[in-house]
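Subject: Structure handover and findings

Dear colleague,

Please find below the structure that I am handing over to you. My notes on it follow directly after.

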Amino acid sequence: MKQERANFATTMGIILATAGSAVGLGNVWRFPYMTGQNGGATFIVIYLACVLILGIPCMISEFIVGRNGASNSARAYKKIGAPFIGVLGLFTGILITSYYAVVSGWCLQYIYASVAGQLRGDANYITQYFTEFSTSAWLPVFWTVAILVMSHLIIRRGVEKGIEHASKLLMPTLFILLLVIVVASCLLPGAWNGIEFMLKPDFTKVSGGLFLDALGQSFYSLSIGMGCLCTYASYYSRKTNLLNSAVQISAVDSLVAILAGLMIFPAAFSVGVNPGSGPSLVFITLPNVFQQAFGSIPVLGTLIATLFYALLSLAALTSLISLHETSTAFLHEEMHASRDTAALVVTVITSVIGALCSLSLGAVDSLSVAGKSLFDIFDFVTGQIFLPVGGMLTCLYLGWRVPKQLVRDEFTNCGTVWARCRWPFLIFLFLIRIVSPLCILAIFLHQMGVI
Ligand code: PHE
C-alpha cells in the first residue's frame, strides 16, 4: 500500500471536515432560493433523488481518485489518465471561490448590521437595505476580500489542525442554532403555508429546467465535480470507509438543507416575502424572522441574528477553505511554490475576480453579458454545467478506463471492508458506469431541447 500523506487525525474529523466543505452557503442560501424558484416540494423530491442516485456515487468516485492519487487534484486525475478533468476542476474552483466569497462577504456585513441595529424595520425597509448594500461599489468588495484573507490565513496554517479542529466545533453549533431558528420560524403566524410549500409535491410542475437545477444543486451542495473532494480524500487515511463516509456526509448535508428550508419558507410566507425572489431570499426573510420572533425582547433578537450570521459566515468559511485549498495544493505541488506563496496567488486572483463579480451586481453595468451579471453567469455556468460535467467524466473514467481492481481496492480498502458483501461495490459500479452518466447526459440534452 501507498505511504500515507498528511492525514486528518480521526474518522470524526474526516466526516466533519468534508461535511464542513459540503455544508455552506449552498445549503442555507442557494438551496432555499432554488427551491423557491422551482415551486417547493417537487424540487426537493427530485433533489433528494439526485443526491442518492447521482451524488453519492460521484462523491465516492472522487474520493477514490483522490485517495489513490494522494496528491492535488490535477495530478490525481493525471494518474488515472484524465488530466483534463483536473484542469476543468481547477478552473471551476477559481470561479466558484470568487463569487462564493462575495456572498460570504454579505454574511460578514450582516453580522455588523445586526450588531449595529441596522436590520430593524419593516419588510420593505429590509428589502431596500439589501438591494442598496449588494449593488453598492466598495463595501461588498471590502467584505469579499476580507473573507478571502481569512481563508488565506487558515490555509497557510496547514490542513489538519486548522480545518479539522474548526469543523469539529462549528458544525454542531450551526446545527443547534438552525434547530432553534426553525422552531421560531414555524411558530410564526401563517407559517403552515410555508411548511406545506415544502412538503406537498405537485408533479405537474416538473420541467427540464427543474431537473437541471436539482442536479446542479445536488453537486454544488455536496462539493462534487471540481476536485475539492478529491483533494480532501488525498488527506484521508487508508482505513477510511469511503462508502460510509459518503453516505454520512450526504445525509448531514441534505438534513441541513431541509432545515434551512424549514427556517426560511414558513417565515417567508408569514411575512409575505415571495419565495421565488431568488438569491436575495435569505438576506431579506431572515432579518424579518428575527424581528418578529424575538423582537419583543430586543437584546435577544439582536443576539440570535448576530449569532446566526456569524455561524453562516463560518459555514461559508469552511467551504471557502476547501475551495481555496484545492487551488493552493495544485500550485504548491505542481508549480513548486511554497504553501504561503501558492495561497497568496490564489487569494489575489480570486479577490480580483470576486471584486468584479460583486461590482457586476449593479455598481458597474458593463460587467454584464446579455442582461446577466457576471455573478449570475458564474453561478449558473459552474453550478449547473461544469460541476455535473466534472462529476460525469469522473464516473465515466473510473467506471470504464481505470482497472477494476484498483477501483475495488479503494472501495474495499484492499478487501478489509465490504469483503463478504459484494453488492455495494457492484451497485456502485453499475451506477458510475451507466446510471449516473446517462442521467446527467439526459438532463443536459433535455435542457438543450434535443430530447
Ligand atoms: N458545497 C459548498 C456549499 O454547499 C459549496 C462548494 C462547492 C464548496 C464546490 C466546494 C466545492 O456551500
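Helices, here the DSSP runs of H or I with at least four residues, are numbered from the N terminus. Please bear in mind that this is a predicted model.

With that numbering, helix H18 covers residues 423-448, and both Phe 425 and Phe 428 belong to it. The two are three residues apart, which is about one turn of the helix. Their rings form a tilted aromatic pair, with 6.4 Å from centre to centre and 40° between the planes. The pair counts as tilted because its angle falls between the 30 degrees below which planes are stacked and the 60 above which they are edge-to-face. Phe 425 is buried, at a relative accessible area of 5%, and Phe 428 is buried as well, at 4%.

Aromatic pairs

In total, 26 aromatic pairs were counted. Another of them joins Phe 63 and Tyr 236, whose rings are tilted at 55° with their centres 5.2 Å apart. Phe 63 is part of helix H3 (residues 41-69), while Tyr 236 sits in the loop between helix H11 (228-233) and helix H12 (242-271), so this pair ties together parts that are 173 residues apart in sequence. Phe 63 has a relative accessible area of 0% and is therefore buried. Tyr 236, at 3%, is buried too.

A serine in helix H18

Helix H18 also holds Ser 436. Is this residue buried or exposed? Ser 436 is buried, its relative accessible area being 0%. When neighbours within four places in sequence are set aside, the contacts of Ser 436 are Ile 53, Leu 54, Pro 57, Cys 395 and Leu 431.

Helices H2 and H10

Two packed helices are described by the angle between their axes and the distance between the axes. For helix H2 (residues 25-37) and helix H10 (residues 208-221), the axes come within 11 Å and cross at roughly 175°. H2 and H10 are therefore roughly antiparallel to each other, since an angle over 145 degrees counts as such. On the side of H2, the contact is made by Gly 26, Asn 27, Arg 30, Phe 31 and Met 34; H10 contributes Asp 213, Gln 217, Tyr 220 and Ser 221. By type, the residues of this contact divide into three nonpolar, four polar and two charged.

Charges over rings

Two arginines lie over aromatic rings. Arg 30 lies over the face of Tyr 220, at 4.2 Å from the ring centre; both residues belong to the contact of H2 with H10. The charged end of Arg 433 sits over the ring of Trp 400, at 4.7 Å from its centre.

Backbone angles

Most residues other than glycine have a negative phi. Against that background, two residues deserve a note. Ala 70 has a positive phi of about 45° although it is not a glycine. Its place is the loop between H3 and helix H4 (73-79), and with a relative accessibility of 24% Ala 70 counts as partly exposed. Ser 223, which is not a glycine either, has a positive phi of about 60°. Ser 223 lies in the loop between H10 and H11 and is buried, with a relative accessible area of 10%.

With kind regards

Notes: Residues are numbered from 1 along each chain as its sequence is written. This is a predicted model: local features need pLDDT of at least 70, side-chain atom pairs count only at pLDDT 80 or more; totals for chains, interfaces and linings use all residues. Side-chain values use heavy atoms; hydrogens and water are left out. Rings of Phe, Tyr and Trp (its six-membered ring) pair if their centres lie within 6.5 Å; planes under 30 degrees apart count as stacked, over 60 as edge-to-face and the rest as tilted. Buried means under 20% relative accessible area, exposed over 50%, partly exposed in between (1.4 Å probe, protein chains only). A charge sits over a ring if NZ of Lys or CZ of Arg is within 6 Å of the ring centre and within 35 degrees of the ring normal. Axes are lines fitted to C-alpha atoms, for helices over the stretch in contact, and angles run from 0 to 180 degrees between N-to-C directions. Angles under 35 degrees count as roughly parallel, over 145 as roughly antiparallel, 65 to 115 as roughly perpendicular and the rest as oblique. Contact means heavy atoms within 4.5 Å. Ala, Val, Leu, Ile, Met, Phe, Trp, Tyr, Cys and Pro count as nonpolar, Asp, Glu, Lys and Arg as charged, and the others, Gly among them, as polar.
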